[in-house]
Protein chains: 4
Amino acid sequence: MTTTLHTAALDDLIGDIVLHHRPRHESGTVPRNIPFLAEVPFDRFGIAVATTSGDVFSSGDADVPFSIQSISKVFTLAMALQGTRTGRLWSRVLREPSGTSFNSLVQLEAEQGIPRNPFINAGALVVTDHLMEETPDAAARLLRFLTEQAGNQEGDGGRQGPVIDEAAAASELASSSRNLALAHFLKDFGNLTQAAGAVVENYVRQCSIMMSCVQLAKAGLFLANDGQGTAGTVLSRNEAKRVGSIMLTCGMYDAAGEFAYRVGLPGKSGVGGGILAIVPGHCAICVWSPRLDAKGNSLAGTAALADLSDRTGWSVF
Amino acid sequence: MTTTLHTAALDDLIGDIVLHHRPRHESGTVPRNIPFLAEVPFDRFGIAVATTSGDVFSSGDADVPFSIQSISKVFTLAMALQGTRTGRLWSRVLREPSGTSFNSLVQLEAEQGIPRNPFINAGALVVTDHLMEETPDAAARLLRFLTEQAGNQEGDGGRQGPVIDEAAAASELASSSRNLALAHFLKDFGNLTQAAGAVVENYVRQCSIMMSCVQLAKAGLFLANDGQGTAGTVLSRNEAKRVGSIMLTCGMYDAAGEFAYRVGLPGKSGVGGGILAIVPGHCAICVWSPRLDAKGNSLAGTAALADLSDRTGWSVF
Amino acid sequence: MTTTLHTAALDDLIGDIVLHHRPRHESGTVPRNIPFLAEVPFDRFGIAVATTSGDVFSSGDADVPFSIQSISKVFTLAMALQGTRTGRLWSRVLREPSGTSFNSLVQLEAEQGIPRNPFINAGALVVTDHLMEETPDAAARLLRFLTEQAGNQEGDGGRQGPVIDEAAAASELASSSRNLALAHFLKDFGNLTQAAGAVVENYVRQCSIMMSCVQLAKAGLFLANDGQGTAGTVLSRNEAKRVGSIMLTCGMYDAAGEFAYRVGLPGKSGVGGGILAIVPGHCAICVWSPRLDAKGNSLAGTAALADLSDRTGWSVF
Amino acid sequence: MTTTLHTAALDDLIGDIVLHHRPRHESGTVPRNIPFLAEVPFDRFGIAVATTSGDVFSSGDADVPFSIQSISKVFTLAMALQGTRTGRLWSRVLREPSGTSFNSLVQLEAEQGIPRNPFINAGALVVTDHLMEETPDAAARLLRFLTEQAGNQEGDGGRQGPVIDEAAAASELASSSRNLALAHFLKDFGNLTQAAGAVVENYVRQCSIMMSCVQLAKAGLFLANDGQGTAGTVLSRNEAKRVGSIMLTCGMYDAAGEFAYRVGLPGKSGVGGGILAIVPGHCAICVWSPRLDAKGNSLAGTAALADLSDRTGWSVF
């Protein structure tokens, strides 16, 4: 299945990945409803690999913070699975691929308010609502978790750890009509306990966390390492594997199957251009490049991961 | 990720799986439209494991032939991928989970006649049509392929190899209105080159092939073994992995996500009660028990695979 | 097509309709999300007929105010058509039957935020938004219009004219998650200019207007009288006819076809149990009985109108 | 509601309608799956009016036979309603507008094989199946009915009555994949008693009947005349009105609401370019012009009927 590479080889390889995949011309799109994401220069490209042996390799813009957007959903799910009420969580959200757009209301209506999985927007709103039942400021709790796992960047000479970009959150919130529609719809079906507006606000603040590739790879390491994070146990071995399974079947919006086919690794993307991918037992990888394909996944990031998988043999299949 | 078990341990383990999972009382359902499947006694249960080191372990009713039904879709896809026209194939069928029932026409209408993946009925009809363009009797070609890979059963004293149950096929064909609707619908969208009736007939005959757990595990070994089958190379390493990825995201009808979550292995089920699962690099597993859950997957078979995964640590995540 | 009845005959007839159709046992349902409507005794039944010759006939609980709910949509549409911006209105909402539930989001997603007609909730929200562009308190304007047309009740000894039940509106607003979802969804598609919350609030207040059968029959008379209301011209002859056509094709939620089949008259129902029906050239009829059928239309009211249509020959067909 | 015109005035009027509405340039479309309809010159335009007083007025190409296509559905429904098994018919098909395309399978799946109304293809297949239970060659029975009602054309010097264009039917049958899909789908839901292929063949032959505007207006007169046809009673007064109600709510494919709004009359169109419209108590109108709008209704025909309605005041509202 997977192959261990020598340290030097991996360092060379990801340098080469940056050389080959950093965009030279603008292509792809930016999200229509999040204006500030359009301002990020198209040629940003970073990659970081955090291994289970404790090493971190990085290249390109791997220390530049970007908006993690939906990658946050992996961590809020993990936080929810740390609790004792997971039975209740799984009664409120399924674990199946959706087959429709990430923010569609159609399936939600057909299935009476039970979202298909925790990684479509409706499902993530339910997870946020679930967390808010115990911790009203779930976004702040998420930030603490990520800071704990990601730490300060190596040799960054004072550069910041993860932070919520509150101005970006406010801007995104002002054009969150679709998410508000989803939240009120969930409420109508009795699948939201907190106020719809509050849940959307908290959700948007989670999405607005700024992190670098290096930080995200470190924060996601527990998914490759039997639940053991850089700062202690995050989940049991079984729960960590199960988050991986949801990433593989549901992590790339409506292109999960294509990503599994081309890359063969559990992954979760965000419309900020980041993708977190997991090589079970070996490493967590984060790539970032801001322009997106038609499904909302990073164009250059997806291509880079496919190339990396081909060249390393990293694949779960 | 995965753990190699000693031979003796594996032999004991699958014996224990049979003891614990063979149904004692009837529960679950039989397919409404395939009468002869209802006649199989509810307490049949078999399991076989074919390893990449060449061993075959089996227990319970592992030598009893059953109707492979949709498990055939894995092998027709593999046969299609052996050809030189794979580009054309992938222009006619996607590789995404469907999010809807395996025989739904809705998504097909929304997506203008391009099936979501090769494992829903519409997609399998397209694969069959693709094969029939070169080999009009694609079912006979499939039978030859399976016979070559599965061989004669060890020590079976004259028991048969794979065979098409033509009487069962004729019976199933008589109640194939839904598949005929799908085929004519595909034809209407220009995504079927052969006559709709002929494609459905050939498809039903593929589904009506009778094989045992032992035979299916051997026939599926190439998927665990970098494309190397019991009778030579079936697919390249990459193509074999990619079939695995489609099994994981699309192989269990509308319960692919749940199966990935509970079992963590690429699998493909059939309404005859069989499930083929793959442990990449290690083995192919076939379990069989004829009563089904609400999604059409073997009740006892799914539970047995989840148990086996827990006890062996076999999981791709 | 229609038959003019003598005054005495009509008086007797509607008395007889009350005798035969006033519910003796509770059957039917009340709206799940509007608690105060459940408190209205099940055996209320009223009917009023306002003729183009200026007479008003009534029987039963014809002077008891009830919540007009969606019948308000006829009048807000008429008010919108009085304006000069009807071209813009019809670019924002279609005039086709929906074929789905009155509060479904599915069709809205498929058709990119353009509601099927002004009588489903999404369409009525757009009409309210359109009115609010000129008159922020559109509900108050509607109340003035209805008061002007309905006047004070004949011989009611001080009983009130139309009034907004603000307590009921507040109660209904507290469980308006579905309408809020629709409004935010419209906003997401750019088909709402005012704030989503404000539009829903105004819409709910329109629905919470209390009127009697007599008042509603008088207020709706212009639809039977070439646009001439009890208090002057409301619409042109053509516009009045066109409102009637929308009532016939879209006025009874998802049972418009069945109502046209059984009754043969343009009608608009509300979940408060009222139905306004139009006999073009002759009269406007309002029946009221609070318990509803599965589609949300008054059980006894629909039966009474079918009976009345059979006995008078009133039908547009 | 409606206005009686003097004979001379009506004669002049329909002559003027032809002058103004006969297409001068080609616009609109022809059905993609019925090649022979594309061969009819774009500038054909005919109109005929058959009155309840026994007169027939006509102008333009009113004596040229054309393919009646879906207008046949009005007459097969009427024939089905003549029988004694109408209760069974209405248990197999609803009477509601569909809100979707005339040949959609989606709604049929959602509603478990019960078509929305008799005028969408799925519903017409059920009506044909219902007729075939008693009269295997339902198309021949339809032809006899139409010939009886339409008679020989006035002063046509030997021109033919209604006839099935068997060559056209065969051609259309060869590209009837969608209708075959619908029929097999109905069969799968148990809502078809005859063989799917036979029902589609009979249905296509009904659609392939050739008639002129004059013949169709005469054949449809019973719908304007309380059920009394040119050759005796066709339906009871009530049943005739009810067919009219279904025409108004469901007769113009997915543009029924728009047609009711613009024209205000019950109508049924066919992709051959014909439209049959009813002025209850006064007359049946048939217009024909072969090029279609996006919804499949005759472009010039619809415009002509809207104009005629405006100029005569003919409207049921």
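B:Leu10 is partly exposed, because 18 other C-beta atoms lie within 10 Å. (Buried takes 20 or more other C-beta atoms within 10 Å of the residue's own, exposed takes 12 or fewer, and partly exposed lies in between; C-beta atoms are placed from the backbone.) B:Leu10 sits in helix α1 of chain B, residues 7-21. Helices here are DSSP runs of H or I with at least four residues, strands are runs of E with at least two, and both are numbered from the N terminus. B:Leu10 and B:Arg311 are 301 residues apart in sequence, yet 11 Å apart in space, C-alpha to C-alpha.

A word on the file: this is a predicted model, in which local features need pLDDT of at least 70, side-chain atom pairs count only at pLDDT 80 or more, and totals for chains, interfaces and linings use all residues. Residues are numbered from 1 along each chain as its sequence is written, while chains are lettered from A and ligands numbered from 1 in the order in which they are written.

**Chain A on its own**

Show chain A as a cartoon. Chain A holds 13 helices and ten strands. Its radius of gyration is 18 Å, close to the 20 Å that the globule rule gives for 317 residues, so chain A is as compact as a globular protein of that length. (The radius is taken over C-alpha atoms; the rule is 2.2 Å times the number of residues to the power 0.38.) The C-alpha trace of chain A spans about 55 × 40 × 40 Å along its principal axes. Of its 317 residues, 63% count as buried. Contacts mean C-beta atoms, placed from the backbone, within 7 Å. Among contacts in chain A between residues at least 6 apart in sequence, 68% join residues at least 24 apart.

**Chain A against chain B**

Bring in chain B. Here 31 residues of chain A are in contact with 31 residues of chain B. On the chain A side, select α11 (237-250) and α12 (256-262); each supplies at least two residues. The largest share, eight residues, comes from α11(A). This side of chain A divides into twelve nonpolar, twelve polar and seven charged residues. (Nonpolar means Ala, Val, Leu, Ile, Met, Phe, Trp, Tyr, Cys and Pro; charged means Asp, Glu, Lys and Arg; the others, Gly among them, are polar.)

**Chain A against chain C**

Twelve residues of chain A are in contact with twelve residues of chain C. Select α4 (106-110) and α8 (177-188) of chain A, each of which supplies at least two residues of this side. The largest share, eight residues, is from α8(A). The side of chain A that touches chain C has five nonpolar, three polar and four charged residues.

**Pairs that do not touch**

Show chain A with chain D. They make no contact, and their nearest C-alpha atoms are 10 Å apart. Chains B and C are not joined by any contact either; their closest C-alpha atoms lie 10 Å apart.

**Helix packing in chain D**

Finish with α5 (121-132) and α9 (196-207) of chain D. Their axes are 9 Å apart and the helices pack at about 105°. Axes are lines fitted to C-alpha atoms, for helices over the stretch in contact, and angles run from 0 to 180 degrees between N-to-C directions. α5(D) and α9(D) are therefore roughly perpendicular, a term for angles of 65 to 115 degrees. Residues making the contact include D:Leu125 and D:Met132 of α5(D), and D:Val199 and D:Tyr203 of α9(D). By class, this contact has five nonpolar, three polar and one charged residues.

Key:
Two residues are in contact if their C-beta atoms, placed from the backbone, lie within 7 Å. Angles under 35 degrees count as roughly parallel, over 145 as roughly antiparallel, 65 to 115 as roughly perpendicular and the rest as oblique.
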